[in-house]
Amino acid sequence: MLLEQLINGITLGSIYAIIALGFTLVFGVLGIINMAHGEIFMVGAFVGVTTTGVLGWPLWLAFIAAIVVTSILGYLLERITLRPLRGKKGVSHLAPLISTIGVSILLENLSHHIFGAGNKPFNTSFSEIRINIGSITIYLVQIVIFVISILLMIGLTIWLSKTKAGKALRATADNLETASILGVDTKRIIILTVVIASAIGGIAGVLVGMAFNSVSPQMGLSMGLKGLAIIILGGMGNVKGAMVGGLILGLSETMLVAYGNSGYRDAIAFIMIIVILLLRPQGIFGSKVSQERR
Amino acid sequence: MVLEVKNITKNFGGISALKNVSFSINKGEIFGLIGPNGAGKTTMFNMITNIFEPTSGEIIFKGENITGIKPYKITEKGICRTYQNIRLFSQMSTLHNVMVGGHSQSHAGVFSSVFRTRAQRKEEQLLIEKAEELLDLVGLLEHKDTIAENLAYGQQRRLEIARALASNPSLLLLDEPAAGMNEKETDSLYDLIKTVQSRGITVLIIEHDMPLVMKLCDRITVLNFGEKLAEGTPEEIQNNEAVIEAYLGKEEEEVNA
Amino acid sequence: MVRRYLKKEGDRLLGEILNTYYLQIGSFILINIMLAISVYVPLSSGQLSLGSAGFMGVGAYTSALLTLHFDLPIVVGIIAGALVASILGVIVGIPALRLSGVYLAIATLGLGEVIRVIFVNWDSLTKGSVGLTGIPQLGREILEFARGLGFEPSMIGIKNNQFVFLSIFLVLLILVIAILWFVVRQQNSRVGRALSSINMDDRAAESMGINITYYKVVSFTQGAFFAGLAGALFAHVIGFISPADFAYHRAVEVLIFTVFGGSEVIVGSVFGAFFLTLMPEVLRFVSEFRYIIYGIILVLLMAIRPQGIIDTNLLKIFKFKRSKGGVR
């Protein structure tokens, strides 16, 4: 039993980690928290539901559709809400946050209107495939989710450190002005970052649908907040941190549901946010926030 | 001795911004802190006002060890500063900027402010009067209702000084007050600082304008790469070999700074 | 004959104005103004708090539970609700100081959600998601009180339920006016200047001798107080509360009142709450797509006019009288 719970926890944690990766990428490069990221994830999930359910497409196509739609959303987000605010004189640093809050409630309620409030079933034959090892049952989906999250993390890490684009992204993250002076096409890098982050969110959306067999317009909000909790725990802008943080949250929630008072499950993430911000604002892997910026 | 800086060292990560710097300032002096860019002068100001705590060393003000005390308390004790890159309250009027400077000299809390007690009204009146007097001193009285960000650059510099004076300091720290000023403005600044001195206020000034420094200061400390290079009267500094060498080749840049 | 006609018309108009529907909307507008001010006050010292829904809920549940289970008078309940919320405000506000900008916003968001989850799960106390019903209603209590003194609404020509809603509206109006007076007075003073300077440049403010810790906690706590007060009043006006009333959506809605109306001046919060509470009532389609429209408003606002509709320049055009020692 415990082992199965552990596996459930790792699965949940991997999903959280994937969502957190999207947050951490955008924060790392733009220094802003994209409150709409959770909703983009939700849109990905709904694309998955619609393509497999209504259109009857195969799963792999659903993934591609989700990636395409969320990438476009990400691009629009950057173009319409984030870019106009960059470099504008005297715009408070809260403006991008508020703007993305606006996008998030817009998307959530749009989806509400289109799809209705409740849970939509997401059933694919793939979700049913399971493996039995002794007394334990593992679903293939769970393994796939875990593997994808590891691949994403490794892939991102390699991409960031080894490829030219990845290095350009890190340079931009470090110092926008300097990177621009050094010849980095910062505009493109920023678009690329937001698009990749959104696509990752889209992938996560389909995965969640597969793992839990249902999606709802409300899932974006709760996932969004949890994603935030994770990057705060792991360290904003830190890829490793997103992974570790995600696993920690996933495992704690699963254990609480299995062995404790399940109602307070969602509170873990929020309490984590508060505690970490107070005790160690830079998170587990983050570097100490420089005081000199003030 | 008004201020004693004892063996101050400040490291930022791997970089040593200040290495074992010591000097002391006597009451009523105008004391200059000069050195090439990056020598650690503003960092020294930040140590004195505790924007950052020193890695080691002490700051003694009027006999009291103020190292590491909260910045607002340091102001209450009588040290106030201006900033190299002007930090005014940009959307506030000129008058209000100076009145904020007088915060430590007043007491009204939430309730006395809301209910406008007799004491509070008197205090407000005094704050306004003092602020106007200081604005008059720096020549900005006619602009008292102008929003600070709409003032000209030189005016903003003078406003910062007025604001700092409103805190009734014993020691005034000026960080490059003459930056960007033309000759006429610099002459006015000289007069202003001399007037401040005549009020019994000790002045510690960072400046790159050498003629101003030499004319104004009673004594000078020279920093270079975070270390104290020399200390003495303007004449002594001007004839100091090490100082000349440190500035040689950099002199062109400094003159135009 | 003319006199009789005038009296009839007067009665009819009175009936129109004292239409319970209008009075109800007016009451909601007033509660929303209170909530908007609860966001505005911390914001004026540079603190964006998204926890107003949480503090509101604390005020509401405290007052509801005290009046329901201990039969305390409504007035006591409301005061207790506001005080408990402000105590929580101090407890949260002190550690929250270390955070600024985005981090503070998220932490307060997390706080609001923790509070909501507690409301949902502590069902022995709060009856969980079902909520509390039968909360003593403010208007009715006032009616009973007046009756006890021998007064009947028919004496001044109005019906019972008109009196109920009218008295609620008047109580709220008086409270809002008092709060506005308090905040404006505070702003045009040494305290207000300190808060503004912290907002504009907190490092510089500190070097001018301002104890930013103290002032930030004060403004944060005041925000919590006003939100808690609004919550307690809300409970006693509607008579029924549930955790859903104090969720993230509420916090966003309240945020929009201030951000849309104008975050630089208090008139902005009043205007924002007024306009955005009224619009869904007046325009049906606005009500249906309310949150979608809110979302679009936020995005457009930040891109085009981040300070909100009413800002200091607009006020200057209308030549509002400026107090001598004032900031806004």
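Modeller: Let us start with what covers the buried residues of H13(C): the cover includes helix H2 (20-43), helix H8 (160-187), helix H12 (248-261) and helix H16 (312-317) of chain C. This is a predicted model, in which local features need pLDDT of at least 70 and side-chain atom pairs count only at pLDDT 80 or more, while totals for chains, interfaces and linings use all residues. Residues are numbered from 1 along each chain as its sequence is written, and chains are lettered from A and ligands numbered from 1 in the order in which they are written.

Colleague: Which residues of H13(C) are buried?

Modeller: They are C:Ile266, C:Val267, C:Gly268, C:Ser269, C:Val270, C:Phe271, C:Gly272, C:Ala273, C:Leu276 and C:Thr277. A residue is buried if 20 or more other C-beta atoms, placed from the backbone, lie within 10 Å of its own; with 12 or fewer it is exposed, and in between partly exposed.

Colleague: What makes H13(C) a helix, and how many residues has it?

Modeller: Helices are DSSP runs of H or I with at least four residues, and strands are E runs of at least two, both numbered from the N terminus. Helix H13 of chain C, residues 266-282, has 17 residues, so it meets that length requirement. Its span from first C-alpha to last is 24 Å, close to the 24 Å expected, where the expectation is 1.5 Å times one less than the number of residues.

Colleague: Is C:Val39 buried or exposed, and why?

Modeller: C:Val39 has 29 C-beta neighbours inside 10 Å and therefore counts as buried. It is placed in helix H2 of chain C. Leaving aside residues up to four places away in sequence, C:Val39 touches C:Ser49, C:Ser52, C:Gly223, C:Val254, C:Leu255 and C:Thr258; contact means that the C-beta atoms, placed from the backbone, lie within 7 Å.

Colleague: Why do S2 and S5 of chain B count as edges of their sheet?

Modeller: The sheet is open, with 4 strands in the order S2-S1-S4-S5 and antiparallel pairing. Strand S2 (15-25) and strand S5 (64-65) each have a single partner strand, so one side of each lacks a neighbour in the sheet. Within the sheet, S1(B) (3-12) and S4(B) (56-61) run antiparallel and are joined by 5 bridges, with B:Thr9 opposite B:Ser56.

Colleague: How many residues of chain A and chain C are in contact?

Modeller: 35 residues of chain A are in contact with 31 residues of chain C. On the chain A side, H4(A) gives the most, 12 residues. That side divides into 26 nonpolar, 7 polar and 2 charged residues. Ala, Val, Leu, Ile, Met, Phe, Trp, Tyr, Cys and Pro count as nonpolar, Asp, Glu, Lys and Arg as charged, and the others, Gly among them, as polar.

Note on methods: Contact = placed C-beta atoms within 7 Å. Pairing = 2+ DSSP bridges.
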